[in-house]
Protein chains: 2
Amino acid sequence: MVTDRPVGRRPGDPETTRQAILAAARTQFGERGFDRATIRAIAADADVDPALVIYHFRTKRELFVAAHELPVDPGAILAAIAAMPPATYGEQITSMYLGRFAAPGSPTFSLLRAAATNEDAAAMVRGFIHTTLLEHGTPLITGPDPQLRLELVASHLIGIVVAREILGLPELRERPLQDIVAVVAPVIQRYLQGD
Amino acid sequence: MVTDRPVGRRPGDPETTRQAILAAARTQFGERGFDRATIRAIAADADVDPALVIYHFRTKRELFVAAHELPVDPGAILAAIAAMPPATYGEQITSMYLGRFAAPGSPTFSLLRAAATNEDAAAMVRGFIHTTLLEHGTPLITGPDPQLRLELVASHLIGIVVAREILGLPELRERPLQDIVAVVAPVIQRYLQGD
DNA sequence: CAAGTATCTCAACACCTGTAGAGTTCTTGT
DNA sequence: ACAAGAACTCTACAGGTGTTGAGATACTTG
């Protein structure tokens with residue numbers, strides 16, 4: 001492999017290089033999962049030597065973690081939802097989470113795919129769900145077993161993403177997200193407010 | 001690694017050896033997914049030389065496929081369900097699929113985990129869902145958009161398995177399956193019979 | 001009972017992986 | 001202007017991967 005890349009430090013801001021690596025990492029991890037994504041491929045995507053990836057992030061695992069630190073304030077999302085009328089909670093949550101999770105390029109989706117075979121990633125998804133839904137979600141919910149029903153909400157939304165983006169079930173795949181939200185939202189709503 | 005296993009053909013029925021390999025493959029694929037499961041580990045589990053695995057199945061992919069051929073008659077399951085009163089469809093489907101998918105040792109679960117990063121496995125899950133639910137499921141369902149709603153049923157059940165067995169959401173993890181079925185069944189029922 | 005074939009182990013191959021160390025160029029502080 | 005350090009590439013290593021070919025043993029068929 002001929003690289004003809006000039007040796008030594010590059011002119012300009014190193015942070016852009018770092019960000020390029022992180023972006024490439026997100027893409028590769030998202031498309032192939034943790035194991036199949038190789039540092040060499042990530043480096044190639046970022047137009048960088050593989051050793052530089054290690055130089056910046058010490059190890060593949062740490063790169064994965066760094067690439068998936070979520071720039072999201074968990075409280076704010078649910079606060080925004082809570083400000084709307086309770087009858088719309090189901091729709092809000094559904095469209096918000098589907099929109100976020102179901103974008104194959106997004107860090108969240110990448111995490112989800114990786115979680116299948118990687119306990120680190122699974123823990124991160126668990127943490128994400130915990131801080132964005134389980135922890136702050138109880139105000140949204142009424143009726144018995146709130147925690148269980150919140151987890152069922154998460155389950156359903158995750159299941160839809162898996163079925164649509166990973167398994168590729170035909171109907172889910174072809175319909176625009178809005179159609180799906182329309183059918184699912186009442187079900188989520190029902191979970192939130194008990195029978 | 002010292003094997004001290006006698007060289008040459010073994011006495012007895014070769015089919016038992018073959019089955020031992022398949023069983024080991026199911027375990028390994030189920031626990032680690034397609035990539036992390038190594039032929040060497042599978043061979044070790046089956047107390048067999050790695051080359052024998054290749055001899056029997058030609059390639060890792062073919063082994064995977066062979067290990068997950070489902071000894072299940074798709075029509076029979078749904079026929080049994082259809083014989084019961086329609087008001088119980090939701091509960092039947094829920095407990096049947098959760099019971100089958102959610103057992104971490106089962107071929108179906110193994111398939112599901114592998115599907116995250118493996119298109120072959122994803123296709124197999126898609127096929128399984130198609131032949132057991134989408135294809136023969138329409139008699140169970142009334143109302144508009146039957147296909148979409150059947151896929152949403154599948155999505156939810158898959159999501160529960162993912163959340164429980166892979167992500168390890170606490171409440172779902174600790175509750176016995178029956179509790180979960182009790183809460184989920186009405187929702188599935190609702191999907192089946194429209195609003 | 002002999003010959004042929006199916007089942008098996010051993011050793012090794014070619015390849016790919018994450019990562020370390022040495023050397024080169026740029027930037028920063030004085 | 002210069003030294004110190006940070007950001008980079010190159011080369012290479014050690015270990016693990018699926019897979020192959022040769023040889024050993026058992027079963028099967030005449």
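Trainee: What pattern does chain A follow when you read along the sequence?

Mentor: Chain A reads α-α-α-α-α-α-α-α-α-α-α, with 11 helices and 0 strands. Helices here are DSSP runs of H or I with at least four residues, strands are runs of E with at least two, and both are numbered from the N terminus. Bear in mind that this is a predicted model, where local features need pLDDT of at least 70, side-chain atom pairs count only at pLDDT 80 or more, and totals for chains, interfaces and linings use all residues. Residues are numbered from 1 along each chain as its sequence is written, while chains are lettered from A and ligands numbered from 1 in the order in which they are written.

Trainee: Why is helix α7 of chain A called mostly covered?

Mentor: A residue counts as buried if 20 or more other C-beta atoms lie within 10 Å of its own, exposed if 12 or fewer, and partly exposed in between, with C-beta atoms placed from the backbone. In α7 (residues 107-115), 9 of 9 residues are buried, so the helix is called mostly covered. Among them are A:F109, A:L111 and A:R113. For chain A as a whole, buried residues make up 42% of the 195.

Trainee: What covers the buried residues of α7(A)?

Mentor: The cover includes α1, α4 (60-67), α6 (89-101), α8 (119-134) and α9 (146-167) of chain A, together with α9 (146-167) of chain B. Covering rests on contact, where two residues have C-beta atoms, placed from the backbone, within 7 Å.

Trainee: How many residues does each chain bring to the contact?

Mentor: Chain B gives 37 residues and chain A gives 37. On the side of chain B that touches chain A, α9(B) gives the most, with 15 residues. That side divides into 19 nonpolar, 7 polar and 11 charged. Nonpolar means Ala, Val, Leu, Ile, Met, Phe, Trp, Tyr, Cys and Pro; charged means Asp, Glu, Lys and Arg; the others, Gly among them, are polar.

Trainee: Which residues come nearest to DNA strand D?

Mentor: Of the 26 around DNA strand D, those are A:D49, A:A51, B:G8, B:R9 and B:P11. By class, the surface near DNA strand D has 12 nonpolar, 7 polar and 7 charged residues.

Key
Near = placed C-beta within 6 Å.
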